Amino acid sequence: MTATAAETATTPATARLRARTGGPKDGPKVLETVLGWTLVVVIAMFVTQAGLM
């Protein structure tokens with residue numbers, strides 16, 4: 001079964017909805033920032049313990 005041109009055509013609004021990625025936009029980003037910096041500190045601790053720097 002083949003689709004017609006009218007069935008496969010997308011409007012700009014449909015394309016915009018399909019292109020949208022990412023998670024929900026609610027909630028503060030404080031937790032994300034704190035977890036990111038915690039990861040940086042933990043990696044730095046591992047690097048210094050390994051003596052790579």
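Helices are DSSP runs of at least four residues, numbered from the N terminus. In this predicted model, helix α3 is followed by glycine 51. The phi of glycine 51 is positive, near 75°.

Helix α3 covers residues 30-50. It has 21 residues. From the first C-alpha to the last, α3 reaches 30 Å. That is close to the 30 Å expected at 1.5 Å a residue.

The protein holds three helices and zero strands. Read from the N terminus, the order is α-α-α.

Helix α3 has the highest mean pLDDT, 92. Helix α1, residues 5-8, has the lowest, 56. Across the protein, pLDDT averages 75. A score of at least 70 is reached by 45% of the residues. Where pLDDT is low, predicted coordinates should not be read in detail.

Burial and surface were also computed. Of the 53 residues in the protein, 0% are buried, that is, under 20% relative accessible area. The accessible surface comes to about 5300 Å². Carbon and sulfur atoms account for 68% of that surface.

Conventions
Residues numbered from 1 in each chain as written. Predicted model: local features only at pLDDT ≥ 70, side-chain atom pairs only at ≥ 80, totals over all residues. Heavy atoms only, no water. Helix = DSSP H or I, 4+ residues; strand = E, 2+ residues; numbered from the N terminus. Buried < 20%, exposed > 50% of the residue type's maximum accessible area, 1.4 Å probe, protein only. Areas by Shrake-Rupley, 256 points an atom, 1.4 Å probe, with all protein chains shown as cover. pLDDT = per-residue confidence, 0-100. Expected span 1.5 Å × (residues − 1).
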